[in-house]
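Please keep the sequence and the structure in view while reading.

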Amino acid sequence: MFSIFHYNLLHRNTFGIEAWADRFVEYASEDELVRFVKTERNGQPLVHIGSGSNLLFCSDYNGIVLHSGICSVEELPSDSNDTVRVRVGSGLLWDDLVSLCVDNGWHGLENLSLVPGEVGAAAVQNIGAYGAEAKDFIEKVEVVDMQKGTLKTVANAGCCYAYRSSAFKKQWAGRYAVTHVTLRLNRRFEPNLTYAALAAEFELRGLSQPTAKQMRQTVIEVRQNKLPDPKVTGNAGSFFMNPVVDHETFAALLSAFPDMPHYKNESGVKIPAAWLIERAGWKGRSRGAAGVYDKQALVLVNMGGASGRDIAALSQSIVADVKRIFGITLKPEVMFI
Ligand SMILES: Cc1cc2nc3c(=O)[nH]c(=O)nc-3n(C[C@H](O)[C@H](O)[C@H](O)COP(=O)(O)OP(=O)(O)OC[C@H]3O[C@@H](n4cnc5c(N)ncnc54)[C@H](O)[C@@H]3O)c2cc1C
């Protein structure tokens with residue numbers, strides 16, 4: 001176990017926010033974590049982080065910041081010749097996993113290439129991109145109860161997965177540390193071209209049946225063109241979730257804003273938060289060192305030296321304007337700490 005008191009979190013969050021934790025603890029195995037919870041936690045406040053790519057430290061953290069150092073990858077027996085089962089440590093970088101899977105001919109995750117963060121967080125957040133979501137490949141999640149130090153395995157159905165959400169983010173928020181995730185992947189590659197903009201990109205490149213490697217490479221290139229690199233400009237990807245409204249509310253909105261983009265789904269009508277923010281006049285605007293990215297209004301950026309409070313204040317102004325203009329309350333995807 002690796003443990004440091006009075007720890008600077010600057011390089012542990014992609015916003016590049018300086019904040020201090022009373023203590024930082026990284027465990028290398030689930031046994032180490034169980035021992036830590038049973039003998040050292042002593043009821044102190046605790047938050048588990050991954051790469052900090054969906055977090056905003058609004059102040060110093062008076063407690064323990066916990067991190068997984070479990071980076072194992074293990075192929076498990078599968079009951080089908082068509083699929084492969086892989087048990088992965090929660091501390092492995094998600095994109096390292098995707099790369100390894102593509103190299104091994106284990107398919108399904110290609111569209112999720114280059115999503116920042118670690119495997120444990122991917123199972124907590126139910127990451128999604130370009131028509132794919134982590135939940136479609138997760139078989140089970142192994143966790144440690146952070147109060148009792150007991151082990152538990154949660155099958156996919158028990159995780160209550162939804163859009164960028166799971167039981168680990170909702171009813172169990174803060175209760176469990178994810179130590180391992182078991183994924184079920186396909187041996188045969190079937191390109192997922194359900195996301196229209198990605199399909200259009202392949203058409204442009206004259207590739208109607210891309211290989212897995214071409215799929216991964218194209219997703220990486222598209223992402224790199226669209227999103228700011230956190231190593232250059234601090235950010236946490238999409239700051240807000242896309243709101244979903246009921247059909248009646250949407251009909252009223254559409255008559256007031258006939259060009260409002262929208263996608264119908266089983267729970268209502270999804271409206272792109274980026275469009276709402278842009279229409280509210282925030283795209284490319286900044287307040288001090290906190291700004292709205294000029295190429296994608298859903299991304300808030302640290303232009304250098306912003307504090308967590310600066311970013312939070314900017315986000316609150318955006319929420320207020322969107323509410324005033326459209327009557328919609330934007331919800332942050334980013335976790336405030
Ligand atoms: C440039 C950029 C692009 C992005 N693009 C996308 C995208 O396309 N799709 C998408 O879905 N997301 C995207 N994101 C958001 C981010 O990549 C995901 O939310 C990711 O899963 C966060 O991983 P992390 O390891 O950084 O977790 P953190 O941000 O550190 O933590 C996120 C949450 O997970 C919890 N957590 C982390 N690890 C564990 C664990 N082992 N056990 C229990 N809880 C844990 C934390 O407590 C917190 O609630 C993007 C972010 C950036 C910066």
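Predicted model: local features only at pLDDT ≥ 70, side-chain atom pairs only at ≥ 80, totals over all residues.

Residues are numbered from 1 along each chain as its sequence is written.

**Domains**

- Contact between the domains involves 15 residues of domain 1 and 17 residues of domain 2; two residues are in contact if their C-beta atoms, placed from the backbone, lie within 7 Å.
- On the side of domain 1 that touches domain 2, eight residues are nonpolar, five are polar and two are charged.
- In this classification Ala, Val, Leu, Ile, Met, Phe, Trp, Tyr, Cys and Pro count as nonpolar, Asp, Glu, Lys and Arg as charged, and the others, Gly among them, as polar.

**Nonpolar core**

- The largest nonpolar core has 87 residues, and L56, A123, V178 and I277 touch the most other members.
- A nonpolar core is a set of buried Ala, Val, Leu, Ile, Met, Phe, Trp, Tyr and Cys residues joined through C-beta atoms within 7 Å.
- A residue is buried if 20 or more other C-beta atoms lie within 10 Å of its own, exposed if 12 or fewer, and partly exposed in between, with C-beta atoms placed from the backbone.
- Leaving aside residues up to four places away in sequence, I277 touches W282, K283, V292, A297, L298, I318 and V322.
- In soluble globular proteins, nonpolar side chains tend to be buried together.

**Shell around the ligand**

- The ligand is surrounded by 33 residues, of which G50, G117, G120, A121 and G237 are the closest; a residue is near a molecule if its C-beta atom, placed from the backbone, lies within 6 Å of it.
- At least two shell residues come from each of β3 (46-49), α3 (119-125), β8 (128-129), β12 (176-186) and β13 (234-238).
- Helices (H or I, at least four residues) and strands (E, at least two) are DSSP runs, numbered from the N terminus.
- Helix α3 supplies the largest share of the shell, five residues.
- By class, the shell consists of 16 nonpolar, 15 polar and two charged residues.

**Strand β12 and its partners**

- Nine of the eleven residues of β12 are buried, so this strand is largely enclosed by the rest of the structure.
- Strand β7 (residues 83-89) pairs with β12 in the antiparallel sense over seven bridges, and G89 stands opposite H180 in β12; two strands pair if DSSP finds at least two bridges between them.
- Strand β10 (residues 138-145) is also antiparallel to β12, over seven bridges, with Y176 as the bridge partner of D145.

**Open sheets**

- An open sheet of four strands has the order β13-β19-β18-β17, with antiparallel pairing.
- β13 and β17 (286-287) are the edges of this sheet, each with a single partner strand, so one side of each is left without a neighbour in the sheet.
- Five of the five residues of β13 are buried, and three bridges join β13 to the antiparallel strand β19 (residues 299-302).
- β17 and β18 pair in the antiparallel sense over two bridges; the bridge partner of S286 is G291 in β18.
- Another open sheet has three strands in the order β14-β16-β15, also with antiparallel pairing, and its edge strands are β14 (244-245) and β15 (263-265).

**Two exposed residues**

- D103, in helix α2 (residues 94-104), counts as exposed because it has 11 C-beta neighbours inside 10 Å.
- The C-alpha atoms of D103 and K213 are separated by 8.2 Å, although these residues are 110 residues apart along the chain.
- K295, in the loop between β18 (290-292) and β19, is exposed, with 11 other C-beta atoms within 10 Å.
- Between the C-alpha atoms of K295 and L227, 68 residues apart along the chain, the separation is 7.7 Å.
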